[in-house]
Amino acid sequence: MEDHKDVLVTREYEFARNVSPLLISEDPTGQWCHGVAGTIWDSSFVLARYLEKSLQTPCLTDQSRILELGAGLGLVGIAIAKLLPNAYIVLTDKPERLQLLQHNVQANDSSAQVAGYDWDTDYSDIDDQQWDAVIISDCIWEHSLHDSLLKALEKVVHTSSKLIMAYEQRNDVTEQQFFDKFHSTFDSRIASSTEMDDEYQSDDIKIIIAHRK
Ligand SMILES: C[S@@+](CC[C@H](N)C(=O)[O-])C[C@H]1O[C@@H](n2cnc3c(N)ncnc32)[C@H](O)[C@@H]1O
């Protein structure tokens, strides 16, 4: 993959506080990873800044165990790991889509771990671990993946875990179908605009904070 480095486009992510910016590489050509995992999706900027603003809640401390699902290029998880360097943070995506995620973790000297985790896999040791927070950015964009994602959430979100999920509103009907199923297992609320970063928010990007019923 060294040969493909010249196709990468690097974007800078700035923190609200005085921390050196992240440099996250994207792959517009799809040579490093397949399609959706090669781009930073807008929800992840909003979620990263939301998490930065909500640091030191009980589930987001330097002792927390934090799992990211569908991490893509890793912006959210790498950002939170920079702010909580002693937390145990695992960024996951489909096993065949980890190469650029791993590259971004290393390029930013991040303490985050990278692991393959496919929502459709029957069993993974990720399921056995106790997570204080499970974070997800823009993973309900595709209706056909909803049941797989819900199955994974039921495995990794325990009664003591908090689920923090950002998504961009694109299709009211399919999103409502997702949340109808979601609410059979989880209670949730939508983060208010005052909880979000003043600059990084948008009317069509929502942050859901949920826990098991
Ligand atoms: C729309 S992208 C969002 C990526 C990233 N979270 C962001 O906001 O920039 C959705 C992500 O879900 C991942 N994904 C899709 N199906 C998956 C599955 N079955 N198991 C694990 N991850 C999956 C994709 O590889 C991709 O990284």
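Predicted model: local features only at pLDDT ≥ 70, side-chain atom pairs only at ≥ 80, totals over all residues.
1. Ligand shell. There are 22 residues around the ligand, and those that come nearest are Trp-41, Ser-44, Gly-70, Gly-72 and Ser-137. By class, the shell holds ten nonpolar, six polar and six charged residues.

2. Length of H1. Helix H1 runs over residues 42-53.

3. Burial of H1. Nine of the twelve residues of H1 are buried, which leaves the helix mostly covered. The buried residues are Ser-43, Ser-44, Phe-45, Val-46, Leu-47, Ala-48, Arg-49, Tyr-50 and Leu-51. One of them, Ser-44, is also among the residues that come nearest to the ligand.

4. Packing of H1. The buried residues of H1 pack against two kinds of element: the strands S1 (9-13), S6 (133-137), S7 and S9 (205-212), and the helix H2 (75-83).

5. Ala-166. This residue sits in strand S7, which covers residues 162-168. Ala-166 counts as buried because 27 other C-beta atoms lie within 10 Å, where 20 or more are required.

6. Contacts of Ala-166. Leaving aside residues up to four places away in sequence, Ala-166 touches Ser-43, Val-46, Leu-47, Ser-137, Asp-138, Ile-205 and Ile-207. Of these, Ser-43, Val-46 and Leu-47 are buried residues of H1, and Ser-137 is one of the residues that come nearest to the ligand.

7. A distance for reference. Ala-166 and Asn-18 are 148 residues apart along the chain, and their C-alpha atoms are separated by 24 Å.

Conventions: Residues numbered from 1 in each chain as written. Near = placed C-beta within 6 Å. Nonpolar A, V, L, I, M, F, W, Y, C, P; charged D, E, K, R; others polar. Helix = DSSP H or I, 4+ residues; strand = E, 2+ residues; numbered from the N terminus. Contact = placed C-beta atoms within 7 Å. Expected span 1.5 Å × (residues − 1).
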